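Good morning, everyone. Please look at the screen while I walk you through this one.

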Amino acid sequence: MFRATASNRAQPVRNAFRAPGHVRAGDSGSGPRRIWSALGARIQHRSYVAPANNAVTPIEKILLDNIKATGPISFGRYMQMCLSHPTEGYYMKSSQQVFGEKGDFTTSPEISQVFGELVGVWLLSQWLYAGNSRKLRLVELGPGRGTLMQDILRVLSQFSAACEAIEAVHLVETSPNMRQRQDENLSPLAFQHKWDLQWHTSIEEIPQDPSRFTLLVAHEFFDALPFNLIQKTQQGWQEVMVATADSTNLDSKSLNVDTTLRPKRDSTTSQSGVPSRFRRVLSPHPALSSNLLGLSSSRFKDLPPGSQIEVSPTAFKIARKVGELMHDPESKGERSAGSGLVVDYGAEKAFGNSFRAFKEHKIVDVFHRPGECDLTVNVDFAYLSEALAGLATPLGPVTQGTFLTRMGLAARVEALKKSAQSEERAAEIEKAAKRLVDSTGMGSQYQVMGIVGTRKDESEVRVEERWPFVKDA
Ligand code: SAH
C-alpha cells in the first residue's frame, strides 16, 4: 500500500462524489467525454493523530500466550491474527482509523476519483469487447471503504446498456466494520438502479457462472494476505517463524535460532522505542509444507542456499479462483467469462524482505503494536500469473503510471479542472492526479495486471495484447 510519509501527510484525500445533476452542468459531450464532464472531485484535508502507547496490545497478549503454549508461529499466522482477528484485528475494529490522514495509509482511490473512473472505463471496455450481450456482475476483493467500487459504478451507470446489464455487485470482505462503510457508500446507487449488493467472506462463495460476464477488481488486497517466509538450506526449505523474544533457552534447544534474521527494514524500530516482544527463528528442519511451497514455482528451484522468499499460498489460491471466474469451461478458453484488474505493490518476482508495518504513515517494526498497525507484503505478480494457468490470461503488469496515462488521465483531469469551483480546487485535483502517476512514487511502485478469460491450452497460450497492456505504445 502506498503510505504517505510524514512530510506529505497533508495530501488531499478523496471524499464523496458530487450529485450527478450538479456536475453535469455545462456538459455537452458524449461517450467517455460525457462521463468525464459528468463527474466531479471534492478534496478534503484531515488532521494528525498522536502516537499510541506502549502497553501490550490485546492481539500481542493472545500471540505471546499462543507461542508460549505451542511454540513459534508462521508469519502467515502472525499477519492473519494481527489484521483479521475477529474482534482485535486491525481491519476488524470499528475504532481503527485505517485510511486517510487520520489513519495509517492512503490508497489511490482515496486520493483521486480519477483512479476509479479509469478502472471503470477499462472494465466497461472489456464487456463491450466481449460483445456486451451478457448480464454483468461486479466483484471486488477487499473493497475498504467502497470508494473504488463507487467510482466504477458511477462510470458504468452513465452507460444505459451497462447500467441495465448489471445484476449484482459482490463484495469480498471479512471485516464487519468495512462492510458497514461499503454499505453506506454503495447502497444509494445500488438502490437507485436495483442492483443486488452481496457480501462474501471468501471469493470461494461466488459461483462460476459463464452465462454472465464478471468484472473483477482487487486493489491493495493481495498485499494484505498472509504469507510464509521460507529459507533455502542444504536440507531443503525451512520456515522462518515468529517466537517470543524472551524464549532463548527453549529456542536454543528446540530450534536453530538464527539471530542474523533481522531484516534491514526493522532498523527503523518501533515508534515507541520499546524492544520487540517477538523475534524471528528458523525452524530446525525442512517441513513438508515449506518444501511444498519451495516447489510451488519453478522460479524458486535455482535460488542459491540462504535465499529467503515470501510466498503466499493464500494469494495463489485466490488468484486461481479469480481465473475460474473469468473462465468459460464449455468454450475451452475461446470465450471469456470475465475480465479483471489486480493493482498492488510488487513486481514479477518473489521478494525476501518486503514485509512491513505502517503506523500513521510511517514504516515501523512489523512487531510494533500488533493489531494497531497495517501489515503489508509485496505481491509476486509472476506467482499470480502462474496461478491462472489453463484458466485465464494475465496481461502486463504495467506500472500504474503507464496504465492511468494510457487510459486518458490527462483528459479526465482537464475536464475535472474545468468544472472545479475555484482555482484552488482545480490545483488540488491536478496535484492529486499527478501523485497517482508520479514516476518516483505511486506511478512506478504500483503495478496493474489485467486478467482476461480467454486462454487456449498451455501449448498455445496466446500473447494477448489489449489496451493499455501493449508493448511500446
Ligand atoms: N481496496 C481498498 C482497501 C484496501 S485495504 C483500497 O484500496 O482503498 C484491504 C482491504 O481488504 C480491507 O477492506 C480489508 O478489510 C480487506 N481484507 C483483508 N484481508 C482480507 C481477506 N482475507 N478477505 C477479504 N477481505 C480482506
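Two notes on the source. This is a predicted model, where local features need pLDDT of at least 70 and side-chain atom pairs count only at pLDDT 80 or more, while totals for chains, interfaces and linings use all residues. Residues are numbered from 1 along each chain as its sequence is written, and side-chain values use heavy atoms, with hydrogens and water left out.

Now the polar contacts. That term means a pair of N or O atoms within 3.5 Å; within protein, one must be able to donate a hydrogen and the other to accept it, and residues adjacent in sequence count only if both atoms are side-chain atoms. Threonine 107 uses a side-chain N or O atom, 2.7 Å from an oxygen atom of the ligand. Glycine 144 uses its backbone: an N or O atom there is 3.0 Å from a ligand oxygen. Threonine 174 has a polar side-chain atom 3.5 Å from a nitrogen atom of the ligand.

How much of the ligand does the protein bury? Alone, the ligand exposes 570 Å², and 94% of that is buried by the protein. These areas come from the Shrake-Rupley method with a 1.4 Å probe; for residues, only the protein chains shown count as cover.

Who makes up the shell?

Next, pockets and cavities. Both are found on a 1 Å grid over the protein atoms alone: in a cavity a 1.4 Å probe fits but cannot get out, a pocket is an open set with protein on both sides within 12 Å along at least five of seven lines, and lining residues have an atom within 4 Å of a point. The ligand sits in the largest pocket, meaning more than half of its atoms lie within 2 Å of the pocket's grid points. The volume of this pocket is about 790 Å³. Volume is the space filled by probe spheres set on the points, which are joined across faces, edges and corners.

The lining of the largest pocket has 37 residues, with Gly142, Thr174, Phe221, Ala224 and Leu225 nearest the centre. Helix 4 gives the largest share, four residues. Helices (H or I, at least four residues) and strands (E, at least two) are DSSP runs, numbered from the N terminus.

Which residues are closest to the centre of the largest cavity? First, the structure holds four cavities of 30 Å³ or more, and the largest has about 120 Å³ of space. Its lining has 13 residues, and Ser312, Ala315, Asn378, Val379 and Asp380 are closest to the centre.

Last, the backbone. Glycine 396 and proline 397 are joined by a cis peptide bond, with omega about 10 degrees. Proline 397 is in strand 17 (residues 393-399).
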